[in-house]
Number of protein chains: 2
Amino acid sequence: MTQSARKRRGSGRTTLHNVAELAGVSAMTVSRYFSNKESVRLDMQQRIAAAIEQTGYVRNVFAGSLASARGRCVGMVIPHIAGGVYEETIQAVTDTLRPFGYQLLLASSNYSTEEEEAAVRAFIGWAPAALILTGQKRSRKTTELLANAGVPVVETWAHKTRPQHIQVGFSNPSVGKDSTHYLYERGYRRIVFVHPPRTDDVGANDRASGYEAAMHELGLAPATFRPQATVLLDAGAEAFRTLTSGRTPADALIFSNDNLAAGALLHGLRERIAIAQTCAVMGFGDLSIADKLVPSLTTVRPPRYEMGRIAALRVIELLRAIEEDAPTDAIERDNLLTYEIVERESA
Amino acid sequence: MTQSARKRRGSGRTTLHNVAELAGVSAMTVSRYFSNKESVRLDMQQRIAAAIEQTGYVRNVFAGSLASARGRCVGMVIPHIAGGVYEETIQAVTDTLRPFGYQLLLASSNYSTEEEEAAVRAFIGWAPAALILTGQKRSRKTTELLANAGVPVVETWAHKTRPQHIQVGFSNPSVGKDSTHYLYERGYRRIVFVHPPRTDDVGANDRASGYEAAMHELGLAPATFRPQATVLLDAGAEAFRTLTSGRTPADALIFSNDNLAAGALLHGLRERIAIAQTCAVMGFGDLSIADKLVPSLTTVRPPRYEMGRIAALRVIELLRAIEEDAPTDAIERDNLLTYEIVERESA
DNA sequence: CTGTTAGCGCATTCAG
DNA sequence: CTGAATGCGCTAACAG
């Protein structure tokens, strides 16, 4: 009776062995059943299925991942959960990953490289099959961490000229440039770019630099404005108020995002200012409210869902290639997606 | 030379043993360092810290969780990622859990009990320390699964009279009732409740039943409307158009959420209808746009952040109690939070 | 305060 | 197609 003293270990939950015993097969066969049903004989499949049903067995992810050294999860770091910007991308990643059995681990960096580093560090402990990062600046430490862990990385919402990882994104500078040209062609000349309150939104900064480049090309003087208000809707109103008054008011505003632009339009409504006649307004994002505003908002629609979908697809392809020891050259590393200027009433 | 054949196992990453070796201590000491720094001598702490720094070691969550049979994660199932309704709650849960080292696993059920069941099943495999569910209906299977796994559950965005689990929420029927009384006191009598397009939003249905009860108490005939349009902003516009025309137009509308109400207000703006004079509009949610609309939206503010914070706190308390083998009676199981009617211009 | 021993539940490996 | 042995990396339990 050496086994009588029950050690206080184990979760007490049903294990693979319990199921195997009940089904009258070995644990290994049940394990195979989970990874590939077809690899076990039909009658065993049925007995195993019955045993699983009866016990309510759920595979312990930890044990499996530990044994195979591959976590069945994908980590994703986005700048901010709230705001509606990344929702569709998250949804797309979830949708695309789910059929392959990967769980999404989500973290938000709050636009901070330190928090991003913390999130990446936390994720690495989960031995994720891959990480999806959004196109922010990265701390050197984060880069080291990533290299050290050897986790495949896909960057999205980014398009760099010398990418370190697979990237899926669109060109923010081009958005800035195209928006500027769009307004120029419609006769606007005193075009001002409105920054978000926070200075560390890299995408916004890139759009601003595209704007500045375009203005120079066109022989115009670029001018930017950064509101004080931190709530985006208020910040947009502040920008509109400030930039349409004074001696040389702007005749067109490029807002770095739709929330800012919406703030401007709603401010105009409240103050009974005829926006379109006073000053053209352009946004970025094409949030769902954009076409409902009065006037409806002319804006740029980034491929939000598509970025998530492609990013997840590349992850799947990459993992499959690694698994099959196939070359990863066939995987498109530079995925440049297109955005679209949506012409409406505000510009 | 029995060890010479390198098995193709292991991740190749730095392990606890590597760190221990480098620091000249045992693996156990390093393990203790992670769970409680103070429990190892100061000089060892420093040597260990140096070794960790040098190797870029990150603890393997799987191995730890497997050994201790406790996953360092908390699963959360919400009805829908997009829409802005649950953002703050998610953020609150993340914020509250982070200091305790728990990772949030997020899944969306898309308002479907089957998808919820799938999510719960997936989560259970992660041996989560706890699950946070939102107050939807649950399939019997899900309930079984939960009972079987023995995972502590906290329900939020719900307040049932006979809760099975710890619950953190507010009373949806009361919201419906109070909104009705609010309008009644202001002289409105032909009050109609506008449902969301989807029939399975339990919270909305509960608010509707509160509305109906209140109308009966007040001796008025309740009337509800469910739009055809699936996009919420459009559905709101449709409801407003339909209900303010005809022989006995409504004089006040209670929308089951702010997105619907916003659709009505934006429709009014576009059609140049003076909303407040035509028909009062009330929403639910107090989304950030509510006070920026014209007219600004009278609505009900649920304790979005607070629900997440309290839910996560209860989880922490519960886990601590379980860990210390303390009684869990001291933990408040029925957390009824308050909402607030926010009076603005639209009603 | 520190080390030793054993095993968490599964998948890999190899042998039938 | 199936089974037995082995160990993934860590921590609980116990002994010093």
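A salt bridge is counted here when a side-chain nitrogen of Lys or Arg lies within 4 Å of a carboxyl oxygen of Asp or Glu. In this predicted model, eight salt bridges are found between chain A and chain B. One of them joins Glu115(A) to Arg98(B), with the closest N and O atoms 3.2 Å apart. Chain A and chain B also have 10 residue pairs in polar contact, both residues at pLDDT 80 or more.

On the side of chain A that touches chain B, the elements that each supply at least two residues include helix 3 (42-55), helix 5 (87-97), strand 2 (103-108) and helix 6 (113-124). Helix 4 of chain A gives the largest share of that side, six residues. The table sorts the residues of this side by class.

| Class, side of chain A that touches chain B | Residues |
|---|---|
| Nonpolar | 28 residues |
| Polar | 18 residues |

The contact takes 61 residues from chain A and 61 residues from chain B. Between them, the two chains bury about 4,900 Å², 59% of it on carbon and sulfur atoms.

Chain A also holds an open sheet of four strands in the order 7-6-8-9, with parallel pairing. Strand 7 (223-225) and strand 9 (280-282) of chain A each have a single partner strand, so one side of each has no neighbour in the sheet. From one strand to the next the twist averages 25°. Strand 6 (residues 191-194) and strand 8 (residues 252-255) of chain A pair in the parallel sense over four bridges. Val192(A) has Leu253(A), in strand 8 of chain A, as its bridge partner.

Methods
Residues numbered from 1 in each chain as written. Chains lettered and ligands numbered in written order. Predicted model: local features only at pLDDT ≥ 70, side-chain atom pairs only at ≥ 80, totals over all residues. Heavy atoms only, no water. Contact = heavy atoms within 4.5 Å. Buried area = accessible area lost by both parts, 1.4 Å probe. Polar contact = N/O pair within 3.5 Å; in protein donor to acceptor, adjacent residues only side chain to side chain. Nonpolar A, V, L, I, M, F, W, Y, C, P; charged D, E, K, R; others polar. Pairing = 2+ DSSP bridges. Axes fitted to C-alpha atoms, helices over the stretch in contact; angles between N-to-C directions.
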